[in-house]
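Hi everyone, thanks for coming. Let's have a look at this one together on the screen.

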Amino acid sequence: MRLDVAVREQNELGEGPTWDPATGRLIWVDILSARVHTYSPANGRRTVMATEQHVGAAKPRAGGGLVVNLRDGIGLYDRDGAFRWLVHDPEPGRRGNDAAVAPDGALWAGTMRYDEAEVGGSLARIAPDGTVTPVLPVVVCSNGIGWSPDGRLMYYIDTPTRRIDVFDFDGRRALNRRPFATVEEGAGFPDGLTVDADGCVWVALWDGGALRRYTADGALDRTVALPVRRPTACAFGGTDLRDLYISTARTGLAAPHPLSGSLLVLPGAGQGMPGTAFAG
């Protein structure tokens, strides 16, 4: 499988690639540098927007602009760049991390503590009007979130557990949590994930230098070795949703690979699913 460099960068903690079909561009964040990046593969155009706080995730809004999972809560950027808080809930030592938009247009947003304390993180559902519904009040490092093609299953990662878990999903609630797959010791830690049109779950392995694809029944059927040690997340993009983009990090590495922090891409890796924009 051919690996290309989409954007050569030195992101400290690149995360959360997301395809925005309305603008034909990929969105991702550099959490620790407080930056939101975009890339248009059709013409190579890039933008970089600074945020006032560490930003764990940025997703497109249905009416244009972005919803962002910041240190102190959930914020909204309008098309013109104007900012306002949707949920302002600061807690010392905590920040937003990965997030995803459910099929109904709600944001599922995770948090973690900077010191990665075992009881410091959470997962919550944020409705378009800003109503917050706690889902998992106690996690360590809330990470990858995704839904099956029929919307009846939700996948979730709390990274230190080494597990990808699966829930039944009724359109608003995640129920009946159970293990879907486990990453063995020495192979890295599961970080961000995406689900393809076949119902397979692709997972980036932090400190594992690889992506894995698990079939819908949890069987490992593909491993893609990467030159970088810390891939963080992946998402299908491009007009036909067949190219798999991979965000990467260089933070904490004494001698990072030259591509650490870049946005990588596996052309023609599979078939992705159209995403949903945040309805708020």
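This is a predicted model: local features need pLDDT of at least 70, side-chain atom pairs count only at pLDDT 80 or more; totals for chains, interfaces and linings use all residues.

Residues are numbered from 1 along each chain as its sequence is written, and side-chain values use heavy atoms, with hydrogens and water left out.

Okay, the sheet. Four strands make an open sheet, in the order E2-E3-E4-E5, with antiparallel pairing.

Which strands stand at the edges? Those are E2 (14-20) and E5 (45-50); each has a single partner strand, so one side of each is left without a neighbour in the sheet. On average, neighbouring strands here are turned by 20° against each other, direction ignored, taking axes as lines fitted to C-alpha atoms.

Now look at E4, residues 35-40: E4 and E5 pair in the antiparallel sense over six bridges. Ser40 sits opposite Arg45 in E5.

On to the loops. Between E3 (25-30) and E4 you'll find Ala34, which has a positive phi of about 55° although it's not a glycine. Ala34 counts as buried because its relative accessibility is 10%; buried means under 20% relative accessible area, with a 1.4 Å probe and protein chains only.

And Leu241? Leu241 is in the loop between E22 (231-237) and E23 (243-248). Leu241 also isn't a glycine, yet has a positive phi of about 55°, and at 11% relative accessibility Leu241 counts as buried.

Conventions: Two strands pair if DSSP finds at least two bridges between them. Helices (H or I, at least four residues) and strands (E, at least two) are DSSP runs, numbered from the N terminus. Axes are lines fitted to C-alpha atoms, for helices over the stretch in contact, and angles run from 0 to 180 degrees between N-to-C directions. Buried means under 20% relative accessible area, exposed over 50%, partly exposed in between (1.4 Å probe, protein chains only).
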